[in-house]
Amino acid sequence: MSKILTFEEIRNNPEIQTYLEFTDKAFAIMGYKEHGQGHALRSATTAENVLKSLGYSAREQELARIATYMHDIGNMVSIHSHDQSSAVIFLNVIDETLYGDEVFAVATAIGGHEDKNMDPVSSIAAALVLGDKTDVRRERIRTQDMFLIDKHSLVIAACRKVEVAVNKEKSIIKLKIDIDTSICSVMDYFEIFMSRTIHCKRAANVLKCDLELYINEDKFL
Ligand SMILES: [Fe+2]
Ligand SMILES: [Fe+2]
């Protein structure tokens, strides 16, 4: 391993790949939405892009990408407290010689990613929250039968497209969601996703931005 932590090493680490694969298999059996490579990569790319668009350094972008890629790996153990187990697994899986401020910042961002009652502690943590909580894709749902899925999954299934757009000049992060209202109503979306929307707003504020929410072109926030 090199003396600094890189995304490429994390991405190519066989132990991490195994954990992600196992997690996703277990989640599939439980009927939970996709939580493997797809979610890890998609959310990591969004986190990286948010920081890139706001002019953060390449290294901060990479650390956010690493943290976000690893954020749900603790689901391999249990969904309960998986934020904290993910952080511990991350620390265990990397070489101890890499330990230092950057590694600990990544671990802290991972460990706090489900805490909706607290502002994310850093730009890395904020980017992670935005990457994670905006990955609302219908492809992540495992069943085609809308009568068999719970309301949370139903809302996700109704999301045709979710876009995170950053306007650096105006310090605005726009979350644009296209909902198929034949599957669920806009109210259903708010009922299920209000807390996650507020979490995204907190994260945007940490990045010194306002969050704007558009659903089917209508501005709600
Ligand atoms: Fe999580
Ligand atoms: Fe996640």
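Reply: Two residues are taken to be in contact when their C-beta atoms, placed from the backbone, lie within 7 Å. The model is a predicted one, in which local features need pLDDT of at least 70 and side-chain atom pairs count only at pLDDT 80 or more, while totals for chains, interfaces and linings use all residues. Residues are numbered from 1 along each chain as its sequence is written, with chains lettered from A and ligands numbered from 1 in the order in which they are written.

Leaving aside residues up to four places away in sequence, A67 touches V106, A109, I110, I124 and L128. Together with L130, A67 touches the most other members of the largest nonpolar core, which has 55 residues. Such a core is a set of buried Ala, Val, Leu, Ile, Met, Phe, Trp, Tyr and Cys residues joined through C-beta atoms within 7 Å. The most is given to this core by α7, with seven residues.

Buried denotes 20 or more other C-beta atoms within 10 Å of a residue's own, exposed 12 or fewer, and partly exposed a count in between. Helices here are DSSP runs of H or I with at least four residues, and strands are runs of E with at least two, numbered from the N terminus.

α7 also packs against α3, residues 37-53: the two axes approach to within 7 Å and cross at roughly 130°. Axes are lines fitted to C-alpha atoms, for helices over the stretch in contact, and angles between N-to-C directions run from 0 to 180 degrees. The two helices are therefore oblique to each other, a class left over once angles under 35 degrees (roughly parallel), over 145 (roughly antiparallel) and 65 to 115 (roughly perpendicular) are set aside.

From α3, the residues S43, A44, T46, A47, V50 and L51 meet S123, A127, L128, L130, G131 and D132 of α7. By class, this contact of α3 with α7 comprises seven nonpolar, four polar and one charged residues.

Key. Nonpolar A, V, L, I, M, F, W, Y, C, P; charged D, E, K, R; others polar.
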